[in-house]
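Some comments on this structure follow, as numbered points.

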Amino acid sequence: MLSIIVGLVLLMALAYLGWSIIWVAPLVAGVVALMSGLDVFDTYTGTYMTGLVGFVQKWFPIFLLGAIFGKLMEETGAAKSVAKKVTQIIGKKRAILGVLIASALLTYGGVSLFVVVFAVYPIALALFKEANVTRRLLVPTFALGAFTFTMTAIPGTPQIQNLIPMEYFHTTPTSGMIIGIVTSLIMAVGGYFWLSYRERSLSAKGEGFIESDESVTGSEQDEKVPNWLLSLVPLLIVVLLLNVVKLEPIYALLLGVLSIMVINIKDNKKFIFSVNEGAKGSVMAILNTSAAVGFGAVIAVIPAFDNITSWLLNISSNPLVAESLAVQIMAIITGSASGGMGIALNALGDTFYSLSQSTGISPDVFHRMAAVASGASIFPNNGALLTLLAVTGLTHKETYKDVFVVAFIIPTIAMIVGIIMGAIGIV
């Protein structure tokens, strides 16, 4: 048990300090194996690599096509076009709401979380400046719009966090629809109310927008973008093909990619660069996640892990509590929603599916709660948060208090509500 605790603390600490999970995970897995009396080399080449490669084998096509789709949306200006239109409709004085809706719309349309940040950031910066909203609220606004409800809770989202549970529970992207809608509303409305309160509070103290070295120039703001209605089409295609036509995610994303190319055929010179860069980005994204999954595979073979699983399974008579806690804890530790979910479901997915059959709780509920729990995990070591801070030039000290509320506290409340709904038979 000590080896597991040391390994988890070490992994979280090194990730928080900024070390890449790609090399930290196998290193810490080696420490765990050594402390547990296992052969380090055999554990690395066998257990660790089996976990890593298994995740890549299952999910690389989704990561690849999703990254290419997002990069094409970014390079053709389609993502920026949609974001600009949303902010125009909402109004420049409601900067937080505009950025929130633009981020949520792009994320629900299948655009990568990271691409959303890069595409919307220049617009968000200009809006916050005009509305005189402090820059420190940029990070929690992005976190709420892209890292919470559209990533995990809204039924039908094509984000990987909503697709992974399908394999374990034999479900669809719209599983747990009522729970998904209710938890989405809790996160979206609760988070927006908090950010609005913080905006008023900070403004009353005289804290407004302050320029930074990374401020966007006027020429970038005036950059010509494609028609927003045409730019919206690829997003709709992905969502509709996935949820209405019921195509496999791979085909929905592939057709989404092709639709961007057809609509933006005049920008065909950008296609090679976009596809290449998207492909490169997908490799890093899936390696970050699968490295964490490989570490989880090592943890799972340590004899003491049986004690942890027994504790989780017996913590409540409701198995949804065990599942949600397992996914949430692993996502917090690894700094990755999809990585933590992969670890938890690889170890316990079959058990939870069997419990769904024996307890009468629908597999759809287990699917939705795994997804929701994975997103209620944004601690300082979270990879997406670290990227967001790097892009905005802000720090944990300036932003994390609000991130903690909108991306951990409120999503955790939503998770609890979801568990209660599932327990009384609401799907």
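1. Which helix gives the most to the lining of the largest pocket? It is H14, with nine residues. The model is a predicted one, and the points below should be read with that in mind.

2. The largest pocket has a volume of about 1,200 Å³. Its lining comprises 47 residues, and those closest to the centre are Ser112, Phe114, Met284, Ala285 and Asn288. Two or more lining residues come from each of helix H2 (21–35), helix H3 (40–75), helix H6 (113–131), helix H9 (160–169), helix H14 (271–301), helix H17 (337–359) and helix H19 (383–392). Sorted by class, the lining has 24 nonpolar, 20 polar and three charged residues.

3. The second largest pocket holds about 510 Å³ of space. It is lined by 20 residues, with Glu75, Thr76, Gly77, Lys224 and Pro226 the closest to its centre. H3 and H6 each supply at least two lining residues, and H6 gives the most, with three. By class, this lining has seven nonpolar, four polar and nine charged residues.

4. Leu17 sits in the loop between helix H1 (2–16) and H2. Its relative accessible area is 61%, over the 50% cut-off, so Leu17 counts as exposed.

5. The whole structure has six salt bridges. One of them pairs Lys58 with Glu167, with the closest N and O atoms 3.2 Å apart. Lys58 is in helix H3 and Glu167 in helix H9, so this pair links distant parts of the chain, 109 residues apart. Both ends are partly exposed: Lys58 has 40% relative accessibility and Glu167 has 36%.

6. Glu207 and Arg136 also meet in a salt bridge, at 2.8 Å from N to O. Because Glu207 lies in the loop between helix H10 (177–204) and helix H11 (218–221), and Arg136 in the loop between H6 and helix H7 (138–147), the pair ties together parts that are 71 residues apart in sequence. Glu207 is partly exposed at 26% relative accessibility, as is Arg136 at 24%.

7. Within helix H14, Glu277 and Lys280 lie three residues apart, about one turn of the helix. They form a salt bridge in which the closest N and O atoms are 3.3 Å apart. Glu277 is partly exposed, at 27% relative accessible area.

Methods. Residues are numbered from 1 along each chain as its sequence is written. This is a predicted model: local features need pLDDT of at least 70, side-chain atom pairs count only at pLDDT 80 or more; totals for chains, interfaces and linings use all residues. Side-chain values use heavy atoms; hydrogens and water are left out. On a 1 Å grid over the protein atoms alone, a cavity is a set of points where a 1.4 Å probe fits but cannot get out, and a pocket is an open set with protein on both sides within 12 Å along at least five of seven lines; lining residues have an atom within 4 Å of a point. Grid points are joined across faces, edges and corners, and a volume is the space filled by probe spheres set on the points. Helices (H or I, at least four residues) and strands (E, at least two) are DSSP runs, numbered from the N terminus. Ala, Val, Leu, Ile, Met, Phe, Trp, Tyr, Cys and Pro count as nonpolar, Asp, Glu, Lys and Arg as charged, and the others, Gly among them, as polar. Buried means under 20% relative accessible area, exposed over 50%, partly exposed in between (1.4 Å probe, protein chains only). A salt bridge is a side-chain nitrogen of Lys or Arg within 4 Å of a carboxyl oxygen of Asp or Glu.
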